[in-house]
Amino acid sequence: MEIIRTEGISKIYMPGENKIYALDNVSVSFEQGSFTAITGPSGSGKSTLLHLLSGLDKPTKGEVIYQEKSLYRYNDNQLSVLRRRRFGFVFQNFNLVKELTGLENILLPVMLDGKRADEKYLNQVIDLLGVRDRLSHLPGAMSGGQMQRISIARALSNKPSILFADEPTGNLDGKNGKEVIALLKQVNFELGITLVLVTHDLSVAEQAGRVIELKDGRILRDSGAVDA
């Protein structure tokens, strides 16, 4: 079952008279529960595609359809709520609040939404990611791998339907990077959360069930194309 798709999206920057296509007429569909890696060289448009899919940015033209509704039918406040409740985000730089403990960082999206955490689910996530012994620690007392695990738990705390990960291993050494990818695969499999991951690392991309390779803002290769 399809969960999100793009319809002819382009992102065009116009410095002076020159048009620069960060994305050029891309149509692609993602199945619920799938794990897709988006790869390509620097400047290929992979992060741009992730930002448009997740509603962090708007295309110059085209549509992003999430569960059969265009993201652009939402006003800014509604889109913010949608992102907080239905999308999870994992970034290269962790983006943890340094004054908050591990547990407080994990609970941040739930608290911002004015809800109470589902404790059974939260404990499942904490144990799945192996961060129980870091819940009382501040980020400054954690390793890079531990901080990324906490950031993944935070992204999962509101039970998102899609997890967007932008170069999640970019600031990690090889060992921690492999562990984080293994955990993301486990999250995708055990929790059934759709995973869309951007990476320049082909060894990371190969862990996904589907690989989309971009070049010059267009899809060069799609190992598991889904008809839109």
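**Figure 1. Buried residues of helix H1 in a predicted model**. Lys46, Thr48, Leu49, Leu50, Leu52 and Leu53 are the buried residues of H1, where buried means under 20% relative accessible area, exposed over 50% and partly exposed in between (1.4 Å probe, protein chains only). Helix H1 spans residues 46-53 and is mostly covered, with 6 of its 8 residues buried. Helices (H or I, at least four residues) and strands (E, at least two) are DSSP runs numbered from the N terminus. Residues are numbered from 1 along each chain as its sequence is written, and side-chain values use heavy atoms, with hydrogens and water left out. The model is predicted: local features need pLDDT of at least 70 and side-chain atom pairs count only at pLDDT 80 or more, while totals for chains, interfaces and linings use all residues.

Figure 2. Leu49 lies in helix H1 and has a relative accessible area of 0%, so it is buried. Ser54 belongs to the loop between H1 and strand S4 (61-66). Its relative accessibility is 1%, and Ser54 therefore counts as buried.

**Figure 3. The largest nonpolar core**. A nonpolar core is a set of buried Ala, Val, Leu, Ile, Met, Phe, Trp, Tyr and Cys residues joined through side-chain atoms within 4.5 Å. Among the 37 residues of the largest one, Ile106, Leu129, Leu156, Leu163 and Leu184 touch the most other members. At least two residues of this core come from each of strand S3 (35-39), helix H3 (102-112), helix H4 (119-129), H5, S7, helix H6 (174-191), strand S8 (194-198) and helix H7 (202-205). A separate second core has 26 residues, including Phe30, Val196, Val198 and Leu214. Leu184 touches Ile152, Leu163, Pro168, Leu195 and Leu197, not counting residues up to four places away in sequence.

**Figure 4. Crossing of helices H4 and H6**. The two axes come within 10 Å and cross at roughly 145 degrees; axes are lines fitted to C-alpha atoms, for helices over the stretch in contact, and angles run from 0 to 180 degrees between N-to-C directions. Tyr121, Gln124, Val125, Leu128 and Leu129 of H4 meet Leu183, Gln186, Val187, Glu190 and Leu191 of H6. By class, this contact has 7 nonpolar, 2 polar and 1 charged residues. Here Ala, Val, Leu, Ile, Met, Phe, Trp, Tyr, Cys and Pro count as nonpolar, Asp, Glu, Lys and Arg as charged, and the others, Gly among them, as polar.

**Figure 5. Helix H3 and its cover**. Gly102, Asn105, Ile106, Leu107, Pro109 and Val110 are buried in H3. Helix H2 (76-86), H4 and H5 are among the elements that cover the buried residues of H3. Just after H3, Gly114 takes a positive phi of about 70 degrees.

**Figure 6. The loop residue Asn158**. Asn158 is placed in the loop between helix H5 (144-156) and strand S7 (162-166). With a relative accessible area of 7%, Asn158 is buried. The Asn158 side chain reaches the backbone oxygen of Arg84 at 3.1 Å. Neighbours within four places in sequence aside, Asn158 is in contact with Arg84, Arg85, Pro109, Val110, Asp113 and Lys115.

Definitions and conventions. A polar contact is a pair of N or O atoms within 3.5 Å; within protein, one must be able to donate a hydrogen and the other to accept it, and residues adjacent in sequence count only if both atoms are side-chain atoms. Contact means heavy atoms within 4.5 Å.
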